[in-house]
Amino acid sequence: MPQLAAFPKAYMTALCKDGSMKLAEWFELASTLDVQGLEFYAGFLELDDQSNWPSLRQQVEDLGMVIPMLCCSPDFTHPDQAFRDAQIQQQLRWIEMTETLGGSYCRVLSGQRRPELSNEEGIELAADCITQCLPYAADRGITLILENHYKDDFWEYPEFAQSMDVFCDLVDAIDHPNFGVNYDPSNAFLAGDDPLELLRRVSHRVVTMHASDRFLIEGTLQDLRAEEDGSVGYAQRLRHGEIGKGLNDYDAIFRELKSKGFDSWISIEDGVDGIDQLRRSADFLRGKISQHWN
């Protein structure tokens with residue numbers, strides 16, 4: 001049966017920018033959610049000092065949880081070889097961080113969708129960089145997970161492999177037992193794709209999942225697709241929402257995952273309105289997991 005983890009979506013500025021919240025405070029809040037794990041983000045300020053890694057792991061485990069996965073954002077599609085090499089070294093450090101934290105999954109991305117980059121060039125660059133990281137990950141028992149992502153907060157351009165076809169081509173280009181997909185249904189909407197169609201194409205490669213939900217402020221999905229076509233930045237008509245009350249069909253998603261034998265981690269990447277919303281999302285997912293895996 002899948003296990004639930006939580007991600008501090010509502011507290012990212014406090015934990016990653018101004019330091020107004022300590023990770024210990026987040027751990028205590030999360031301990032009230034009845035989840036088994038906490039997904040970490042590589043940009044947490046307290047992770048800058050490597051000597052903190054073991055003690056942070058211990059704090060989480062003392063509260064009866066684990067740290068199954070680390071969220072990272074490498075940029076592997078930069079045209080400069082030296083830049084890509086530096087990104088590979090950064091990813092290797094994140095793999096080491098994942099191992100020290102006791103995790104099994106470390107996210108990778110493709111990189112930015114720079115205008116001058118063809119699909120073929122971008123897939124080749126990203127696949128080469130990820131492939132170079134895989135032996136280091138395998139030696140440490142870590143699986144690299146490629147997410148159908150939208151855009152890192154600090155990137156000028158959206159994810160290179162944002163669209164379903166490009167993402168699937170990149171997944172198909174990498175064949176390794178320590179590589180898989182981190183599926184996020186909501187990001188498919190941001191790409192103008194059908195999240196269920198994407199899932200059916202990659203469900204046999206999915207090893208972790210981000211649970212979230214979105215809802216339209218106005219207009220239709222067709223309007224969203226037109227708005228997203230070739231644009232830089234988030235679609236203004238689409239918002240985060242409480243899981244189970246948005247556009248995603250979790251019954252269909254879980255039926256497909258169950259049919260492929262999925263029994264790994266589902267990390268809740270919602271709760272932008274605070275801990276109470278995150279708790280309701282956790283309750284919803286717990287019920288759906290029980291319904292589909294019992």
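This is a predicted model: local features need pLDDT of at least 70, side-chain atom pairs count only at pLDDT 80 or more; totals for chains, interfaces and linings use all residues.
Of the contacts between residues at least 6 apart in the protein chain, 80% join residues at least 24 apart. The chain holds 11 helices and 11 strands.

Overall dimensions come next. A compact globule of 294 residues would have a radius of gyration near 19 Å, and the protein chain has 18 Å, so the two agree. Its C-alpha atoms fill a box of roughly 50 × 45 × 40 Å along the principal axes.

| Property of the protein chain | Value |
|---|---|
| Radius of gyration | 18 Å |
| Buried residues | 55% of the 294 residues |
| Accessible surface | about 12,100 Å² |
| Carbon and sulfur share of that surface | 45% |

Now the interior. In soluble globular proteins, nonpolar side chains tend to be buried together. Here, the largest nonpolar core has 86 residues. Trp-26, Phe-40 and Phe-254 have the most contacts inside this core. Helix H5, residues 119-139, gives the most to the core, with 9 residues. A second core stands separate, with 5 residues. Among them are Ala-5, Met-69, Tyr-105 and Trp-265.

Which residues does Phe-254 touch, leaving aside those up to four places away in sequence? Met-209 and Ile-266 are on the list, as are Leu-285, Lys-288 and Ile-289. His-292 and Trp-293 complete the list.

Charge is the last topic. The protein chain carries 26 positive and 50 negative charges. The mean positions of the two sets are 4 Å apart.

Technical notes: Residues are numbered from 1 along each chain as its sequence is written. Side-chain values use heavy atoms; hydrogens and water are left out. Helices (H or I, at least four residues) and strands (E, at least two) are DSSP runs, numbered from the N terminus. The radius of gyration is taken over C-alpha atoms; the globule rule is 2.2 Å times the number of residues to the power 0.38. Buried means under 20% relative accessible area, exposed over 50%, partly exposed in between (1.4 Å probe, protein chains only). Contact means heavy atoms within 4.5 Å. Accessible areas come from the Shrake-Rupley method with a 1.4 Å probe; for residues, only the protein chains shown count as cover. Lys and Arg count as positive and Asp and Glu as negative; His and the chain ends are not counted. The place of a charge is taken as NZ of Lys, CZ of Arg, CG of Asp or CD of Glu. A nonpolar core is a set of buried Ala, Val, Leu, Ile, Met, Phe, Trp, Tyr and Cys residues joined through side-chain atoms within 4.5 Å.
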